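Subject: Structure for your review

Dear colleague,

Please find below the structure that I am handing over to you. I would be grateful if you could look through it alongside the notes that come after it.

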Amino acid sequence: MKQTMDKPKRSFRRHLKPIRRRLKPIRRHLKPIRRHLSPIRSGDRIDYKNMSLISRFISEQGKILSGRVNRLTSKQQRLMTNAIKRARILSLLPFLYNEN
């Protein structure tokens, strides 16, 4: 039996699944993008001696707050963590706050 020109040949890629491109979902309820202001002003230096600045980034128990809570960049958080640890070693800050 000869194949006629009317019938299409079977595709050799039939066993492959079609590639689906993943599209970004359409955001219907768009909120305006609000930039968060950094809690550290341009004049503030992150330093172990600057206790008024350091005390804002420590919890009531004496723990270092995360960068997400502080709204700090990763570089600022790293500098702040090093300053807090240095202040603790030099006894400018307690390691733990006593509740008694």
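The notes below begin with the chain as a whole and then turn to its parts.

Please bear in mind that this is a predicted model.

The protein chain contains three helices and zero strands, and along the sequence its pattern reads α-α-α. Of its 100 residues, 19% count as buried. The chain exposes about 10,500 Å², and 53% of that area is supplied by carbon and sulfur atoms. Among contacts between residues at least 6 apart in sequence, 53% join residues at least 24 apart.

Helix H3 covers residues 74-89. At 1.5 Å a residue, its 16 residues should span 22 Å, and the C-alpha atoms at its ends are 23 Å apart, which agrees. Buried in H3 are Gln76, Gln77, Met80, Thr81, Ala83, Ile84, Ala87 and Arg88. Seen down the axis of H3, these buried residues fall within an arc of 165 degrees, so they line one face of the helix. The partners against which the buried residues of H3 pack are helix H1 (51-54) and helix H2 (67-70). After H3 comes serine 91, whose phi is positive, near 65 degrees.

Which residues form the largest nonpolar core? That core has 11 residues: Ile40, Leu53, Ile54, Phe57, Ile58, Leu72, Met80, Ala83, Ile84, Ala87 and Leu93. H1 and H3 each supply at least two residues of this core, and H3 gives the most, with four residues. In soluble globular proteins, nonpolar side chains tend to be buried together. Leucine 72, one of the core residues, touches Pro39, Ile40, Phe57, Gly67, Gln77 and Met80, leaving out residues up to four places away in sequence.

Tyrosine 97 lies in the segment after H3. This tyrosine is partly exposed, with a relative accessible area of 37%. Apart from neighbours within four places in sequence, tyrosine 97 is in contact with Ile58, Ser59, Glu60, Gln61 and Gly62. Tyrosine 97 and serine 59 are 38 residues apart along the chain, and their C-alpha atoms are separated by 9.6 Å.

With kind regards

Note on methods: Residues numbered from 1 in each chain as written. Predicted model: local features only at pLDDT ≥ 70, side-chain atom pairs only at ≥ 80, totals over all residues. Heavy atoms only, no water. Expected span 1.5 Å × (residues − 1). Buried < 20%, exposed > 50% of the residue type's maximum accessible area, 1.4 Å probe, protein only. Arc of directions from axis to C-beta. Contact = heavy atoms within 4.5 Å. Core = buried A, V, L, I, M, F, W, Y, C linked by side-chain atoms within 4.5 Å. Areas by Shrake-Rupley, 256 points an atom, 1.4 Å probe, with all protein chains shown as cover.
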